[in-house]
Amino acid sequence: YFVGFGANAHEPVFVNEMRAVAQIFETRFGARDRSTVMINSRSTVRRTPLANAHNLGRLLGEVGKRMNPEEDILFLYISAPAFTAGKVAPRFEPLDLVPIHAADIRHMLDDAGIRYRVIIFSACAASDVIAPLRGPTTAVIAATESGQRGHGCTGDAAFTDFGKAFFDEALRDSFSIMEALEKARTTLAERDSAHLRA
């Protein structure tokens with residue numbers, strides 16, 4: 001099962017990446033008919049639900065009813081330019097959307113009865129969102145480490161730099177999330193080094 005949450009998609013790259021990642025999970029990982037996205041963007045507002053706390057909790061509850069908790073896995077992909085102070089801050093002006101703390105996301109997943117989880121944060125800055133979500137049946141992946149800043153988070157590219165290396169390249173060659181993550185780390189390090197030498 002795949003759930004995408006585009007918390008702040010003011011930059012077109014976050015809309016493009018959300019659509020592309022959903023398609024990868026539908027075609028490569030068999031999530032067709034078990035995939036949905038929420039995006040805060042004026043370009044999608046007429047056809048895609050808004051990414052807010054209410055919709056996320058309600059959707060996870062519905063997904064939990066359909067999953068087999070003993071064998072099914074949920075991939076929860078959350079994207080935004082930045083996550084700070086352990087929370088996701090959905091934005092869609094002029095609406096006043098409440099922040100979602102990492103602990104709130106964990107409670108939503110627990111309440112939904114979703115046991116096996118892979119949570120992926122795609123952001124160019126992130127702090128304090130990983131620790132509250134980790135657990136024996138939960139893997140958490142973040143595009144940037146606390147205090148670091150990623151690249152490719154503006155413009156209308158198909159992917160952010162992390163998204164390109166992890167989803168578009170590594171995951172197309174491997175069915176292992178952790179193997180793909182290591183490949184993406186190597187790729188990003190090589191590209192950063194090349195960028196510094198240029």
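In the predicted model, arginine 117 is located in strand E6. This residue has a relative accessibility of 8% and therefore counts as buried, since the cut-off for that class is under 20%. A polar atom of the arginine 117 side chain lies 2.7 Å from the backbone oxygen of isoleucine 114. When neighbours within four places in sequence are left aside, the residues in contact with arginine 117 are Leu74, Arg106, Leu109, Asp110, Thr137, Thr138 and Ala139.

Strand E6, which covers residues 116–122, is joined to E7 by five bridges, and the two run parallel. Within this pairing, valine 118 stands opposite alanine 139 of E7. Helix H3, comprising residues 102–112, packs on the sheet and touches both strand E3 (73–79) and E6, with its direction making about 150° with that of E6.

The sheet to which these strands belong is open and consists of five strands in the order E2-E1-E3-E6-E7, with parallel pairing. Strand E2 (35–39) and strand E7 (138–142) stand at the edges and have a single partner strand each, so that one side of each is left without a neighbour in the sheet. On average, and with direction ignored, neighbouring strands of this sheet are turned by 10° against each other. In general, the strands of a sheet pair through backbone hydrogen bonds, in either a parallel or an antiparallel manner.

The buried residues in H1 are Val13, Phe14, Val15, Glu17, Met18, Ala20, Val21, Ala22, Ile24 and Phe25. These buried residues pack against strand E1 (2–6), against E2, E3 and E6, and against helix H4 (161–173). After H1 comes glycine 30, which has a positive phi, near 70°.

Taken as a whole, the protein has five helices and seven strands, which follow one another along the sequence in the pattern β-α-β-α-β-β-β-α-β-β-α-α. Of the 198 residues in the protein, 45% are buried. Among contacts between residues at least 6 apart in sequence, 65% join residues that are at least 24 apart.

Terms used. Residues are numbered from 1 along each chain as its sequence is written. This is a predicted model: local features need pLDDT of at least 70, side-chain atom pairs count only at pLDDT 80 or more; totals for chains, interfaces and linings use all residues. Side-chain values use heavy atoms; hydrogens and water are left out. Helices (H or I, at least four residues) and strands (E, at least two) are DSSP runs, numbered from the N terminus. Buried means under 20% relative accessible area, exposed over 50%, partly exposed in between (1.4 Å probe, protein chains only). Contact means heavy atoms within 4.5 Å. Two strands pair if DSSP finds at least two bridges between them. Axes are lines fitted to C-alpha atoms, for helices over the stretch in contact, and angles run from 0 to 180 degrees between N-to-C directions. A polar contact is a pair of N or O atoms within 3.5 Å; within protein, one must be able to donate a hydrogen and the other to accept it, and residues adjacent in sequence count only if both atoms are side-chain atoms.
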